[in-house]
Amino acid sequence: MIKFLFKGILRDKSRSVLPITIVILGVTLTIVLSGYLRGVMGDMTDQSARFQTGHVKIVTKAYEEAMDQMPIDLAILGVDSLLESLQKQYPNLQWVKRTNFGGLIDVPDANGETKGQGPAAGMALELFDPTSNEIERMNILSSIVVGKIPSKPGEAIIGQEFADKLKVKIGDEITYVGSTMNGSMSFKSFIVSGTIRFGSSALDKGAIIIDISDAQEMLDLEDGSTEILGFLNDGVYVHEKAEALKNDFNSKADTNDEFAPTMLTLKEQNNLGSYLDMVDVYSGLFVGIFVFAMSLVLWNTGLLGGLRRYQEFGIRLALGESKGRIYRNIIMEAVLIGTIGSVIGTTIGVGITLYWQQTGIDISAYLQNSTMMMPSVLRSKFTAQLLYIGFIPGLFAMVIGNMLSGIGIYKRETAILFKELEV
Amino acid sequence: MKYLLITILSLSFAFQNYPDADGILKKVDANMSSDTNITESSMVIHGKRNSRTVVSRSYGEGYKKSFSEYLAPAREMGTKMLKLEDRLWIYSPSTDRTIQLSGHMLRQSVMGSDLSYEDMMEDRKLTEMYNSKVIGEEAIDGRKVWVVELISKVEDATYHSRKAWIDQERYVPLKEELFAKSGQLLKRVTLSEVKKVEGRWYPTKMNYKDVLKDGEGTDFIIDKIEFNAEIPEHIFTKASLKK
């Protein structure tokens with residue numbers, strides 16, 4: 001039976017070309033857009049986790065309230081003992097201390113006077129401790145444009161664009177000007193050991209990266225850091241795990257002390273939670289709209305097909321074929337056409353997704369003045385979900401469309417069939 | 001007749017006989033400004049976790065030249081600042097560097113205090129910078145004050161407008177509110193411990209409160225001040241920063 005229907009589809013092109021094309025288009029679009037949305041959000045989440053939020057982050061309560069301003073005076077003190085207890089309590093995560101700081105980078109001339117300067121967005125990491133994995137996590141090695149990672153105190157890497165703007169070369173001296181955690185003026189000179197380009201305009205504009213020990217000395221942050229970041233050992237953010245961890249940690253915290261540490265999950269920071277929820281909503285909405293629109297189009301196509309095959313159905317009814325059998329045949333045909341269209345659409349959609357996963361779309365030109373942490377090359381992401389996210393709606397839309405249009409068969413009256421056929 | 005009386009009374013309230021604001025400000029300038037000054041001051045900065053005191057000695061000539069040297073605490077000792085017109089140089093002994101700040105950087109906080117570099121170094125006569133109008137009369141701590149509204153008449157005034165409460169007897173401000181061009185209140189200054197120094201009244205304690213920041217504000221205490229003292233010209237040169 002299926003073979004018979006299949007032959008019919010292949011031989012009678014007008015029965016199949018238009019619906020198959022529509023299904024292919026719809027399925028391809030669904031897969032490409034879903035893959036793209038997931039890819040972009042996945043990259044943003046991953047980049048945020050590595051650079052800013054961790055899978056969980058610990059700050060003081062006071063710091064949390066003003067986190068956007070990076071208030072180093074509200075940093076965590078006694079950070080080493082806290083890290084030790086975290087490593088014992090939650091061994092499934094890797095814990096690192098980081099300090100973000102703002103200020104000015106000043107470049108001296110031969111007389112030690114200002115030649116150029118620019119605002120700096122500083123980040124202090126555990127660069128000298130190989131067990132921290134910060135160099136790999138931040139992808140520093142492959143992001144270095146020239147030079148090397150700081151290997152001793154007093155060395156720094158700065159953003160390539162920043163270096164170009166200030167005309168700084170490897171080995172040049174630069175001076176950080178800012179405030180210590182007590183509000184005192186802070187000056188510290190560094191030798192530029194390398195320049196870096198992360199591919200994120202927000203990071204590359206005024207970046208200076210130093211070891212945490214230099215920052216602690218420079219900012220009077222003895223045994224302190226602004227943040228402790230925790231990364232789940234398998235490297236993948238699982239919100240339920242992070243949420244359980246947060247609840248456990250925060251339940252033990254002193255609620256009356258504004259400098260008591262408090263834990264935040266990735267989703268609670270930088271509006272990432274609403275972004276992730278938004279992607280889920282949009283993906284669902286997109287698939288829903290697709291199924292609805294495709295069903296309407298395919299219903300219409302089915303109606304046209306039904307009209308075109310009016311005589312054929314009439315003859316088959318006149319010959320004694322039951323209405324139910326003809327209806328089931330139409331549905332079977334729809335299943336076949338939907339399957340063909342969905343397979344082709346899925347193949348094309350997955351192909352485009354894999355291509356964009358490899359090459360990405362470069363949006364750096366649009367991010368020149370952006371301060372938002374997002375990758376400058378947006379890539380799609382292939383997941384197993386893409387294999388059915390377009391396929392199932394494609395098939396259903398075709399079947400639903402034909403089920404609706406096929407209802408007309410039941411309205412044919414056998415008594416007037418011959419009269420109709422004479423015409 | 002009744003309406004005429006009401007009108008006359010209303011008009012007499014509306015046009016109260018306040019003194020000329022410019023005349024008041026001239027007397028304030030005579031107390032607060034001088035051709036030169038040498039000041040030793042302590043700045044008590046109240047942070048969220050602790051308070052600290054920064055001691056400095058400053059030299060000023062008009063409103064365009066100023067030189068400060070920080071004497072305590074140890075972290076700050078030896079740091080020097082020179083302001084010439086709208087440029088500021090800071091010398092850091094720990095790095096042996098002279099760093100120039102200009103533009104919006106001058107509006108940044110000095111050492112975590114509620115004072116900006118501009119606040120620290122501004123000593124321009126009010127009458128030169130603002131058009132003024134007396135808008136009321138009040139009492140602060142039992143002293144009668146004029147409430148004067150000042151609107152800037154020069155482009156480079158640090159604050160677009162001010163409201164000052166001027167002591168009617170001693171002609172020093174006891175309170176000031178400093179506003180941005182948008183009308184946003186930026187800082188509130190409370191001046192107290194008014195003493196007679198070299199024949200003029202001078203508030204020796206000022207509490208600056210940046211209303212956009214949390215905390216108790218910063219106390220700026222004048223420990224010693226000399227007016228119209230002779231200051232060698234070399235003080236206001238970049239060479240003096242490294243001395």
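The legends below describe close-up views of a predicted model.

Residues are numbered from 1 along each chain as its sequence is written, and chains are lettered from A in the order in which they are written. Local features in this predicted model need pLDDT of at least 70, side-chain atom pairs count only at pLDDT 80 or more, and totals for chains, interfaces and linings use all residues.

**View 1. The side of chain A that touches chain B.** Here 18 residues of chain A are in contact with 19 residues of chain B (contact: C-beta atoms, placed from the backbone, within 7 Å). β3 (93–108), β7 (173–179) and β8 (185–196) of chain A each give two or more residues to this side (strands: DSSP runs of E, at least two residues, numbered from the N terminus). The largest share, 4 residues, comes from β8(A).

**View 2. Helices α2(A) and α15(A).** The axes of α2 (residues 13–53) and α15 (residues 391–406) of chain A come within 9 Å and cross at roughly 150° (axes: lines fitted to C-alpha atoms over the stretch in contact, with angles from 0 to 180 degrees between N-to-C directions). The two helices are therefore roughly antiparallel to each other (angles over 145 degrees). Residues making the contact include A:P19 and A:V23 of α2(A) and A:F391 and A:P393 of α15(A).

**View 3. Nonpolar cores** (buried Ala, Val, Leu, Ile, Met, Phe, Trp, Tyr and Cys residues joined through C-beta atoms within 7 Å; buried: 20 or more other C-beta atoms within 10 Å of a residue's own). Of the 100 residues in the largest core, A:I209 and B:I166 touch the most other members. Leaving aside neighbours within four places in sequence, the contacts of B:I166 include B:I24, B:W146 and B:P173. A second, separate core of 24 residues includes A:I24 and A:F391.

How values were computed: Two residues are in contact if their C-beta atoms, placed from the backbone, lie within 7 Å. Angles under 35 degrees count as roughly parallel, over 145 as roughly antiparallel, 65 to 115 as roughly perpendicular and the rest as oblique. A residue is buried if 20 or more other C-beta atoms lie within 10 Å of its own, exposed if 12 or fewer, and partly exposed in between; C-beta atoms are placed from the backbone.
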